[in-house]
Amino acid sequence: MKVREVLDALERYAPLPLQDSFDNAGLQIGLTEEQEVTRVLLCLDVTEAIIDEAASLGCNLVIAHHPLLFHGLKSITGKTYVERCVVKAIQKGIAIYASHTNMDNALQGVNYRIAQKIGLGNLTFLDEKAAQPACGAGVIGELPQAEDALTFMKRLKDTFNIDCLRHNGCPDKKIKRIALCGGAGGFLLPQAIALQADAFLTGEMRYHDYFGHDNELLIAEMGHYESEQYTIELFADILHEQCPHLETIQTSLNTNPIKYL
């Protein structure tokens, strides 16, 4: 398959116009979209180690969730990890593609996968956008059975391998209706409250946004990487369905830059 054919398969699922205005999803490094694909490495972040891993596995295409390039480069001298990644990818003939907020906002996208891992049903977008096809930010759904807050948070930690789950004061009410958004989703807290969610889950949010909600809903901050880690699995499923003969490899590296002592 050619690079363009693989990218078309992803973009049929999550079209680039679904991305947010600040984003830079799409093909970021690639001298030609007509290049034949050997293997594809799937990851969350592009780092120098990821590019080395791709080269060692014979992958000439890296598909990541987070874009390597958010801002324009005025020089490429190797002074930042982004510049070093650009140089290394070009030297090794590796194309890099990012499917970011377009995959977040897509129907059955990143947030749907998070909800699936938690066991939520009756899913709808938390903040639906007026677009075709249907898309939106975050999702809201329900557990089959209500759980007490502590039991739910312990299950969340186990499911997403979370070392440190930050949360507000646990409300006494049971947790059944859950709103969520992977990554930096704190901006959706007002929608979660308006839709009477029992809990709001996200990857990261601001300190002051926690105040005043202890009696309204549980707020749980999972970690940016932890919340979105199953995006790699989502990529694999899409490409297996759309391109069954394409060999994909999920990275063996944990690229989370945040460590816990």
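Colleague: What should I know about the model before I start?

Modeller: This is a predicted model, in which local features need pLDDT of at least 70 and side-chain atom pairs count only at pLDDT 80 or more, while totals for chains, interfaces and linings use all residues. Residues are numbered from 1 along each chain as its sequence is written, and side-chain values use heavy atoms, with hydrogens and water left out.

Colleague: How many helices and strands are there in the protein, and what counts as a helix or a strand?

Modeller: There are nine helices and eleven strands, where helices (H or I, at least four residues) and strands (E, at least two) are DSSP runs numbered from the N terminus.

Colleague: Why is the protein called as compact as a globular protein of its length?

Modeller: The radius of gyration is taken over C-alpha atoms, and the globule rule is 2.2 Å times the number of residues to the power 0.38. For 261 residues that rule gives 18 Å, and the protein has 19 Å, which is close, so it is as compact as a globular protein of that length. The C-alpha trace spans about 55 × 40 × 30 Å along its principal axes.

Colleague: What makes strand 1 and strand 11 edge strands?

Modeller: Two strands pair if DSSP finds at least two bridges between them. Five strands form an open sheet with mixed pairing in the order 1-4-3-2-11, and strand 1 (26-29) and strand 11 (248-250) each pair on one side only. Inside this sheet, strand 2 (residues 40-43) and strand 3 (residues 61-64) pair in the parallel sense over four bridges, with Leu42 opposite Ile63.

Colleague: Which helix lies across strand 2, strand 3 and strand 4?

Modeller: That is helix 2 (residues 48-56), running at about 150° to strand 2; axes are lines fitted to C-alpha atoms, for helices over the stretch in contact (heavy atoms within 4.5 Å), and angles run from 0 to 180 degrees between N-to-C directions. Helix 9 (residues 231-242) also packs on the sheet, touching strand 2, strand 3 and strand 11.

Colleague: How do you know that strand 5 and strand 6 pair?

Modeller: Six bridges join strand 5 to strand 6 (residues 135-147), and the two run antiparallel; Gly121 stands opposite Glu142, and Thr124 has Ile140 as its bridge partner. Both strands belong to an open sheet of six strands in the order 5-6-8-9-10-7. Strand 6 is also joined to strand 8 by five bridges, again in the antiparallel sense, and Glu147 has Ile175 as its partner there.

Colleague: What makes the space of about 680 Å³ a pocket?

Modeller: On a 1 Å grid over the protein atoms alone, a cavity is a set of points where a 1.4 Å probe fits but cannot get out, whereas a pocket is an open set with protein on both sides within 12 Å along at least five of seven lines. The largest pocket is lined by 40 residues (an atom within 4 Å of a point), and His66, Gly183, Glu204, His224 and Glu228 lie nearest its centre. Its volume of about 680 Å³ is the space filled by probe spheres set on the points, with grid points joined across faces, edges and corners.

Colleague: How many residues line the second largest pocket?

Modeller: There are 15, and the closest to its centre are Phe160, Asn161, Tyr225, Gln229 and Asn254. This pocket has a volume of about 280 Å³, and helix 8 and helix 9 each supply at least two residues of its lining.
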